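Colleague: I would like to learn how to read a few features of a protein model, one after another. Could we begin with pairs of charged side chains?

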Amino acid sequence: MKFGGFLKHGFKGAIFALPFLATFMDKIATISLVDGTSMQPLLNPTGLSSDWVLIKRWHVDDYSLQKGDIISFESPREPGTYMIKRVKASENDLIYDTTKQKETCVTKGHIWVEGDNKRASYDSRHFGCVARGLVTGRALYVVWPPERFGIKLSPLSDDDYDNDDED
């Protein structure tokens, strides 16, 4: 096969593959870069390199978010900016806002999110509850760097929540 024929077949393949790939990444799953230190020590533990995570988008509209899930969402303050944080409370839950020094009730259709590294996290303590419609997916696994491949991003146990502020 000549090089020109190879290019012709490659171009035809790309025409069919690109819409499939775009739909897959928009509706089923995608891979996302986690930048910053707000989710340390779970994500980007050394701060020297950034983790890439698999984000599940399937059923995000009717997805039942649970306390402890790590989610991606569009920033309520900066449209077009996406964040990754942990769900700390769901609608109708009471949560103590350490910034305002008072208890806050999560309103219907919203969630409360915080980074694991509270000192370096811009989260619900700063911008309030996040509308569920801004949620774009749930982080499942670390896929890069290779030495961290396959680390499951599962919810913490209740014991992990009780020890949040003991340091």
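Modeller: Side chains of opposite charge can pair when their charged atoms come close. Here Lys 118 and Glu 114 form a salt bridge, with their closest N and O atoms 2.8 Å apart; the term asks for a side-chain nitrogen of Lys or Arg within 4 Å of a carboxyl oxygen of Asp or Glu. Please keep in mind that this is a predicted model, in which local features need pLDDT of at least 70 and side-chain atom pairs count only at pLDDT 80 or more, while totals for chains, interfaces and linings use all residues. Residues are numbered from 1 along each chain as its sequence is written, and side-chain values use heavy atoms, with hydrogens and water left out.

Colleague: How many salt bridges does a search of the whole structure find?

Modeller: The search finds 5 salt bridges, and one of them joins the side chains of Arg 86 and Asp 116 at 2.8 Å, N to O. This pair links distant parts of the chain, 30 residues apart, since Arg 86 lies in strand 4 and Asp 116 in the loop between strand 7 (110-114) and helix 2 (124-127). Helices (H or I, at least four residues) and strands (E, at least two) are DSSP runs, numbered from the N terminus.

Colleague: Is Arg 86 buried or exposed?

Modeller: Buried means under 20% relative accessible area, exposed means over 50%, and partly exposed lies in between, using a 1.4 Å probe and protein chains only. Arg 86 is buried, with a relative accessible area of 1%, whereas Asp 116 is partly exposed at 26%.

Colleague: Where does UniProt place the feature "active site"?

Modeller: The unreviewed UniProt entry places this feature at Ser 38 and Lys 85. The two span 48 residues in sequence, yet no two of their C-alpha atoms are more than 7.9 Å apart, so they gather at one spot. UniProt positions are given in the numbering used here, feature names are shortened, and annotations may be inferred rather than shown by experiment.

Colleague: Which element holds Lys 85, and what joins its side chain to that of Ser 38?

Modeller: Lys 85 is in strand 4 (residues 82-89), while Ser 38 is found in the loop between strand 1 (29-34) and strand 2 (51-56). Their side chains are joined by a polar contact of 2.8 Å, a term for a pair of N or O atoms within 3.5 Å; within protein, one must be able to donate a hydrogen and the other to accept it, and residues adjacent in sequence count only if both atoms are side-chain atoms. Ser 38 is buried at 11% relative accessible area, and Lys 85 is buried at 4%.
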